[in-house]
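Please keep the viewer open as you read.

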Amino acid sequence: MKLDNLPTQYIPFKEIRLGSNTLENVTVILTIKGNVPLLVGNGDTPRVWLYIPANKDGTEWYPLIKDNFSSNPDVKVNVAPKMISIRTPDGPVFAGLVAKEDKFVITKLDLRPFGLKVYADENSLSVMGNTLTKNQFRNLKVVIGID
Amino acid sequence: MSSDEPGKKLIEGQRFDSPLIFGGGVDAEPQRYIAEKPYELTKYEFSVLRKKDFPDLWFKIFMGATAGLVIALAGKVIISLMNKQGPTFATWELCSIGVGILLSICFRFLIKSKEEKERIQLVSAIDNHFEENKPRRVHLTKGGAGK
C-alpha cells in the first residue's frame with residue numbers, strides 16, 4: 001500500500017499512543033521504502049490494514065489484512081467495538097484499544113514475524129534497533145520512515 | 001527493551017514535527033504468510049459476482065415447494081400407519097412431486113441466465129488465475145517450513 005493510495009475508508013485516529021510515544025494528528029505510523037505496512041483507523045470498531053513484504057527488496061507487498069479481513073486462515077483478527085487484536089501462528093502481532101473517542105492505544109505491536117524489525121510494548125517502541133520512549137510526534141503524514 | 005546494539009540510539013522525551021528516518025529494510029521474507037498472487041477484482045467483476053441469479057431463485061422455490069409436499073405426504077403416511085391403514089395418495093400429489101423435481105432439475109442444471117453464465121465465466125477466470133499463480137513460496141501451514 002502506497003502512501004498516496006490509502007484506502008478511502010481509512011479514518012485516522014486523532015491521537016495514537018505507541019510504546020509510550022504520543023502521535024497526534026498523524027496519517028501513518030510507518031513507511032518502508034515508501035510502502036505503508038500498517039494502518040490503524042477509526043470507525044464503529046477499530047480498523048486495521050496490514051501489508052507484509054513479499055520479497056526482501058521490499059518492492060512487492062502482500063495484503064495480509066484488509067480492513068480487519070484476514071487473507072490468511074492462520075491469521076486471526078479479533079474485533080470488539082473498543083478493541084482489536086491480531087494473532088498469528090508466531091503469536092500476537094498487534095493489540096490495541098480505543099481509550100477515548102478519538103484516541104487509540106497500541107498495547108502490542110510486533111512485525112518481526114513479517115521480516116520487519118519493528119516491535120513495541122506499552123513502554124517503548126523499537127524500530128531497526130533504535131528505541132523510542134515518551135516522544136511526541138505532531139501533525140505529520142509519516143511518523144517513522146525506513147529507507 | 002534496550003538499544004545496546006552498536007550504532008543504535010535511544011530516543012527519549014523529544015518532540016518531533018518532521019518524520020524520523022532510519023536506515024534499514026526488510027530483514028527476511030515472511031514466507032509462511034504469503035499466499036498466491038491476489039486476483040485484482042474490478043468493480044464490474046465484483047458486480048457480476050454479487051448479482052442475484054433468477055434460475056437459482058426459481059430452483060429454490062420449486063425445491064422448497066416439493067420438499068414441503070414430501071413432508072406433508074410423510075405426515076399422511078405416519079397418520080395412516082398409526083391408524084393401521086395403508087396410506088393412500090391422490091394422483092395430483094404424486095404428479096406434483098414429480099413435476100417439482102423435474103422443474104428443480106431444470107432450473108438447477110439446464111436453464112442458465114446470462115448473468116449466471118457470466119458469473120461462471122468469471123469464477124473460471126479467477127480459478128485459472130490461482131492455478132497459474134501457485135503460492136510463490138512455502139506458506140500458510142502452522143509450524144510450516146516457512147519458519
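## Strands and their partners

Two strands pair if DSSP finds at least two bridges between them. With that in hand, we can look at this predicted model, starting with Val98(A), which stands opposite Phe104(A) in β10(A). A hairpin of 2 residues links β9(A) to β10(A).

## Around β10 of chain A

How many of the 8 residues of strand β10 (residues 103–110) of chain A are buried? The count is 6, so β10(A) is largely enclosed by the rest of the structure. Here, buried means under 20% relative accessible area.

Strand β11 (residues 118–120) of chain A pairs with β10(A) in the antiparallel sense over 2 bridges, and in β11(A) Tyr119(A) faces Asp110(A) as its opposite residue.

## An open sheet in chain A

Chain A also holds an open sheet of 4 strands, in the order β3-β4-β5-β6, with antiparallel pairing. β3 (38–41) and β6 (69–70) of chain A each have a single partner strand, so one side of each is left without a neighbour in the sheet.

## Where chain B meets chain A

Now turn to the two chains together: 39 residues of chain B are in contact with 48 residues of chain A. Between them the chains bury about 3700 Å², with 53% of it on carbon and sulfur atoms. The elements that give two or more residues to the side of chain B that touches chain A are β1 (10–12), β2 (15–16) and β3 (20–22) of chain B. The residues on that side of chain B divide into 16 nonpolar, 9 polar and 14 charged.

Which polar links turn up between the chains? There are 20 residue pairs in polar contact, both residues at pLDDT 80 or more, and 0 salt bridges. Strand pairing crosses between the chains as well: strand β13 (residues 130–133) of chain A runs parallel to β1(B), and 3 bridges join them. Thr131(A) has Leu10(B) as its bridge partner in β1(B).

Conventions. Residues numbered from 1 in each chain as written. Chains lettered and ligands numbered in written order. Predicted model: local features only at pLDDT ≥ 70, side-chain atom pairs only at ≥ 80, totals over all residues. Heavy atoms only, no water. Contact = heavy atoms within 4.5 Å. Buried area = accessible area lost by both parts, 1.4 Å probe. Salt bridge = Lys/Arg side-chain N within 4 Å of Asp/Glu carboxyl O. Polar contact = N/O pair within 3.5 Å; in protein donor to acceptor, adjacent residues only side chain to side chain. Nonpolar A, V, L, I, M, F, W, Y, C, P; charged D, E, K, R; others polar. Buried < 20%, exposed > 50% of the residue type's maximum accessible area, 1.4 Å probe, protein only.
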